[in-house]
Amino acid sequence: MGDRQVVVGVAVIREGKVLAALRAGVDGGWEFPGGKVEAGETDEQAAARELAEELGLRIEVGSSLGLEEPIGEQYLLRVYAAQLVEGTPVLHEHADTRWVGAAELDGLDWLAPDRPFLAVLRALLRPS
């Protein structure tokens, strides 16, 4: 099996809630926004770039949520926690965004690769 391309997802946290983004279309579902890590980029650089491009947000990328989740045969998803520095989400590539607290995480129809990260994330969000 060849090297998988790393895809970073970003769990942007603000006031005890995390930003969920709804991917539109037939493969749609809720996800942590992000994208592919390009050659010469660190995961953290890619996370910051993707959030600026996709949602117009400036973030401070923190630690990894500690898991790696394969997406099909080609990709490997890593999710990083991040703090919102400035900006309000602008929908360039997503149908919707929502700030959700720990108690609301299970109410969203998350994409399968993002689901394993929810348990780790729940521990980072203070009880609402």
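These numbered notes walk through a predicted model, from its cores to its loops.

1. **Ground rules.** The model is predicted, so local features need pLDDT of at least 70, side-chain atom pairs count only at pLDDT 80 or more, and totals for chains, interfaces and linings use all residues. Residues are numbered from 1 along each chain as its sequence is written, and side-chain values use heavy atoms, with hydrogens and water left out.

2. **Start with V18.** V18 sits in strand β2, residues 17–23. Helices (H or I, at least four residues) and strands (E, at least two) are DSSP runs, numbered from the N terminus. V18 has a relative accessible area of 0%, so V18 is buried. Buried means under 20% relative accessible area, exposed means over 50%, and partly exposed lies in between (1.4 Å probe, protein chains only).

3. **What does V18 touch?** Not counting residues up to four places away in sequence, V18 touches A11, V12, I13, F32, R98, W99, V100, L105, L121 and L125. Contact here means heavy atoms within 4.5 Å. V18 and A82 are 64 residues apart in sequence. Their C-alpha atoms are 9.3 Å apart in space.

4. **The largest nonpolar core.** This core has 20 residues. A nonpolar core is a set of buried Ala, Val, Leu, Ile, Met, Phe, Trp, Tyr and Cys residues joined through side-chain atoms within 4.5 Å. V18, F32, V79, L105, W110, L121 and L125 touch the most other members. At least two residues of this core come from each of β1 (5–14), β2, β7 (75–86) and α2 (117–124). In soluble globular proteins, nonpolar side chains tend to be buried together.

5. **L125 and the second core.** L125 is in contact with I13, G16, K17, V18, V100, G101, A102 and L105, leaving aside neighbours within four places in sequence. A second, separate core holds 15 residues, including V6, V12, V37 and A47.

6. **Check helix α1.** Helix α1 covers residues 43–55, 13 residues in all. Just after α1, G56 takes a positive phi of about 70°.

7. **Which residues of α1 are buried?** They are D43, A46, A47, R49, E50, L51, E54 and L55. Their cover includes β1, β2, β4 (34–36), β5 (58–64), β7 and β8 (94–100). An α-helix has 3.6 residues a turn, so residues three or four places apart point the same way.

8. **A charged residue under cover.** R49 lies in helix α1. R49 counts as buried because its relative accessible area is 18%. R49 touches K36, E38 and E41, not counting residues up to four places away in sequence.

9. **The largest pocket.** About 400 Å³ of space lies in this pocket. On a 1 Å grid over the protein atoms alone, a pocket is an open set of points where a 1.4 Å probe fits, with protein on both sides within 12 Å along at least five of seven lines; lining residues have an atom within 4 Å of a point. Grid points are joined across faces, edges and corners, and the volume is the space filled by probe spheres set on the points. The lining has 21 residues, and V7, R23, E31, G34 and I71 are the closest to the pocket's centre. The elements that give two or more residues to the lining are β1, β4 and β7.

10. **Lining by class.** The lining has 10 nonpolar, 4 polar and 7 charged residues. Ala, Val, Leu, Ile, Met, Phe, Trp, Tyr, Cys and Pro count as nonpolar, Asp, Glu, Lys and Arg as charged, and the others, Gly among them, as polar.

11. **Back to β2: L22.** L22 is also found in strand β2. L22 counts as partly exposed because its relative accessibility is 23%. L22 touches G29, W30, H94, A95 and D96, not counting residues up to four places away in sequence.

12. **Loops.** E15 is found in the loop between β1 and β2. Its phi is near 50°, a positive value in a residue other than glycine. E15 is exposed, at 64% relative accessible area. V26 lies in the loop between β2 and β3 (29–31) and is exposed, at 85%. R115 lies in the loop between β8 and α2 and is partly exposed, at 43%. Leaving aside neighbours within four places in sequence, R115 is in contact with D109 and W110.

Methods:
The expected span of a helix is 1.5 Å times one less than its number of residues.
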